[in-house]
Amino acid sequence: MNRKYRKTIIAGNWKMNTLPSEVKSLFAAVKASCGRAAWCRMVLCVPYTHIQQAVKATRDCRISVGAQNLHQSPHGAYTGEVSAPMLKDLGVKYVIVGHSERRQYYGETDVSVREKTLAALEAGLRPIVCVGETLQQRDLGVTNELVTLQVATLLAALDSHSVRKVVFAYEPVWAIGTGRTATAEQAQEVCALIRALLRKSFGTVVARSVPILYGGSMNASNAKELLAMGDVDGGLIGGASLKPEEYAEIVRAANQ
Ligand code: PGA
């Protein structure tokens with residue numbers, strides 16, 4: 001974290017879990033346990049079906065609601081899809097783009113991630129853009145090359161104004177949902193690489209203003225160590241964000 005230049009973001013990703021009828025009580029539990037988080041932004045990325053209720057539940061607090069995906073077109077004949085203006089209209093503030101599960105199961109590529117990021121920005125949403133290597137890629141020693149390609153494909157389409165609205169999330173695929181967290185040093189190394197790429201394209205002032213999160217089995221017991229790293233500006237948290245107490249613990253770690 002580096003509070004001088006950027007806010008810490010603790011973002012939960014509920015994935016395809018929980019029911020709309022549970023939203024009210026889950027948010028009440030999160031609100032009760034989180035208290036005032038002066039130093040960090042709290043974001044919960046919920047399924048589309050939960051958004052309206054989540055926005056309602058967060059009217060009186062500082063938790064922002066995020067979505068987990070969007071379509072790259074603002075409207076049109078795309079049966080079953082949801083666009084950025086629709087999310088914006090509901091009161092959504094953030095949207096996850098290019099999560100590894102979407103890359104793996106739904107064929108998302110660096111190019112579609114770029115299109116979706118631009119669509120989110122155009123609508124006034126803050127995209128949380130996920131990048132990261134598989135275990136095979138790490139073992140082959142190509143992590144830096146891979147992440148550079150993922151990030152550079154996007155940066156080429158942004159300017160110094162729009163990039164300030166982007167949040168990056170480094171999520172090594174082998175750490176997601178596996179209980180196997182990257183070490184704080186591994187997380188820092190790749191987050192620093194992403195910042196170096198930002199610096200190269202847009203200069204120091206812009207690069208130091210962009211939040212870069214770590215994601216992959218982050219929980220209450222490892223959050224403090226990960227967040228102590230200078231270029232790790234928060235977390236994108238899956239499993240642990242479904243437990244309000246645990247999410248609150250991570251928020252507390254970010255506020256210490
Ligand atoms: P996890 O998921 O915390 O359950 O590993 C992280 C993510 O997929 O964003």
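The largest share of the lining of the largest pocket, three residues, comes from helix 4 (residues 100–105); helices (H or I, at least four residues) and strands (E, at least two) are DSSP runs numbered from the N terminus. The model is a predicted one, in which local features need pLDDT of at least 70 and side-chain atom pairs count only at pLDDT 80 or more, while totals for chains, interfaces and linings use all residues. Residues are numbered from 1 along each chain as its sequence is written, and side-chain values use heavy atoms, with hydrogens and water left out.

The largest pocket has a volume of about 530 Å³. It is lined by 17 residues, and those closest to its centre are Lys15, Met16, Gln68, Asn69 and Arg102. A pocket, on a 1 Å grid over the protein atoms alone, is an open set of points with protein on both sides within 12 Å along at least five of seven lines; a cavity is a set of points where a 1.4 Å probe fits but cannot get out, and lining residues have an atom within 4 Å of a point. Grid points are joined across faces, edges and corners, and a volume is the space filled by probe spheres set on the points. By class, seven nonpolar, six polar and four charged residues line the largest pocket. In this scheme Ala, Val, Leu, Ile, Met, Phe, Trp, Tyr, Cys and Pro count as nonpolar, Asp, Glu, Lys and Arg as charged, and the others, Gly among them, as polar.

The second largest pocket has a volume of about 220 Å³. Of its 18 lining residues, Gly177, Ser217, Met218, Gly238 and Gly239 are the closest to its centre. Its lining comprises five nonpolar, ten polar and three charged residues.

The ligand sits in the second largest pocket, a placement that requires more than half of its atoms to lie within 2 Å of the grid points. Around the ligand are 13 residues, of which Lys15, His99, Glu171, Gly177 and Ser217 are the closest; a residue counts as near if one of its heavy atoms lies within 4 Å. This shell divides into four nonpolar, seven polar and two charged residues.

Taken alone, the ligand exposes 280 Å², and the protein buries 95% of that; accessible areas come from the Shrake-Rupley method with a 1.4 Å probe, and for residues only the protein chains shown count as cover.

Lys15 lies in the loop between strand 1 (8–13) and helix 1 (23–34). Thr18 is placed in the loop between strand 1 and helix 1, and has a positive phi of about 70° although it is not a glycine.

The structure holds two cavities of 30 Å³ or more. The largest cavity, with a volume of about 40 Å³, is lined by Arg103, Asp110, Val113, Val129, Val131, Gln150, Val151 and Leu154. Helix 7 gives the largest share of this lining, three residues. The second largest cavity has a volume of about 30 Å³, and its lining includes His99, Arg103 and Glu171. Helix 4 and strand 5 each give two or more residues to that lining.
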